[in-house]
Every structure is written in structure tokens, then in C-alpha cells.
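Hello,

Here is the structure I promised to pass on. Please open it before reading further.

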Amino acid sequence: MAAAVRTEEANAAFQGVFTADTPEKLEQVYDDWAKTYDDTVNNTLGGDGVNHPTGELFEVVKTHVPAARAILDVGAGTGVAGPLLAAQYSPSQMIALDLSKGMLEVAKALPNQGGYSDFVQACCPDLGTATGPYDLIFCAGTFTPNHAPPETLRTMLQVSQPGAHICFSVRNYYFDDVSSGFSTLQQALVDEGKWELVAKEERIYLPKENVYAYNFVYKVLKL
């Protein structure tokens, strides 16, 4: 049984997001939401005009990842992370990957395409044509109930390279519920010698919903 969505997240903004029972239905929810998504996250759920899921993970990443030339942004959505990552790392390649074509269209419309060099529509754990290798994989706000499964972490490893960093956030209550699968798989990958934990920080995620998330940075050891 999948981990339950906490009652604090019963906000009307989430209608359909946690209940869509096929990838196609979830894609349609985000396609319909794309043009107002940033306002919802920043104001309705954030309350202060800030995209905390992306911004908080980025703050952790820039502290622990000194350089990155090839970046994959998984669950890129409307491309909020693109300008931040581009300014921080000046990558030669940066791919935006998302389930929703509508969300990617918003990202493409950003100045300089948000710094992205290409856009890939795919349904995790399948990363489609984003085959890498990448030395930074960034994934904010995507490992949530009814979204990308934990097995996506193995796929990320397959398109990375030794020394790369895989960085992502998971809602704290979702991670702490063993039925979500994240805590078990993340530790299994440590035990297998695939990666090592660099950082785990709990930070605010959706202030108005009183939701926090763990922000992880792992260093890849072997594929």
C-alpha cells in the first residue's frame, strides 16, 4: 500500500495530483495546471512568493557540489531550477525532463530557455532519451506521493558517472513512511556501494501547508 498523503495537503490545489490513477491522467493534470503552477506553488502553497521545493534544494546543492558540466533536471516542470543551475555552474549541457509537455512548454518560453539545452518528455523511472552521462542530477518536488517511484534513483545512477552527484528532495513524512520505498532503496544503494551520502538537510517545503522535506545529496561511486 502506498504511503498516505498527509491531511495538511488536502489543499484544493492538489485536486487530481494525488489521485490520478494513470500516468496519462497525471500528465493531463499538469498540462492543465502549467500556466498557473508557479503562482500556486509560490503563493497559494508557499505564501511568500518563493518556490521553496526548488530553492531549498538548490541551496543545499550549491553548498556541496562544486562543479557540474552536464546536468539533468528531473521533474523540471516549468523550469524554475534552470536559471539557478545555469548561473551557478555554467554547464555545457543541461536537460529538462518532465512528464508534462505543457510544463515543458512553459520552461521553453523562459528567457534563453531557462538555460536548458534540450527538453525531454518522459515518465519516471524511464528517463527517455536523457541517456547521459551526467555529473549532476537535480530533482526537486518530484518524489512525492503518486509521482515518480523510488526505482527512479537506480535509473539516475545508470545515466550518471562515478564522482557525479544525485540531488533530490522527498517530503519528510513520505520518506519516513517505509511503505514509500525511499528509505529502504536509498540505504540499499549505500550497502551496494553505488553511492555515498554527502548531505541530508530537512528544510521548509510548502510553508502554508506546514510541509517539510529532506534534501539529499549523494555522490556516485560506481554504476
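Below are my notes on the cores, one phenylalanine and a helix pair.

Please keep in mind that this is a predicted model.

Start with the nonpolar cores. The largest one has 34 residues. Inside it, the residues with the most contacts are L72, V74, L97, F143, L153 and F168. Several elements supply at least two residues each. The strands among them are β1 (70-74), β2 (93-98), β4 (134-143), β5 (160-171) and β7 (211-220). The helices are α6 (152-158), α7 (172-176) and α8 (182-191).

F168 deserves a look. Beyond four places in sequence, F168 touches L57, C139, F143, L153, Q186, W195, Y214, N215, F216 and Y218.

Next, F175. This residue lies in helix α7. Is F175 buried or exposed? F175 is buried, because its relative accessible area is 10%, and the cut-off for buried is under 20%. With neighbours within four places set aside, its contacts are V170, S180, F182, S183, Q186, K200, Y214 and F216.

Last, the helix pair. The axes of α1 (residues 23-33) and α5 (residues 101-108) come within 6 Å. They cross at roughly 35°. On the α1 side, the contact uses E27, Y30 and D31. On the α5 side, it uses K101, G102 and M103. By type, these residues are 3 charged, 2 nonpolar and 1 polar.

Best wishes

Definitions and conventions: Residues numbered from 1 in each chain as written. Predicted model: local features only at pLDDT ≥ 70, side-chain atom pairs only at ≥ 80, totals over all residues. Heavy atoms only, no water. Axes fitted to C-alpha atoms, helices over the stretch in contact; angles between N-to-C directions. Helix = DSSP H or I, 4+ residues; strand = E, 2+ residues; numbered from the N terminus. Contact = heavy atoms within 4.5 Å. Nonpolar A, V, L, I, M, F, W, Y, C, P; charged D, E, K, R; others polar. Core = buried A, V, L, I, M, F, W, Y, C linked by side-chain atoms within 4.5 Å. Buried < 20%, exposed > 50% of the residue type's maximum accessible area, 1.4 Å probe, protein only.
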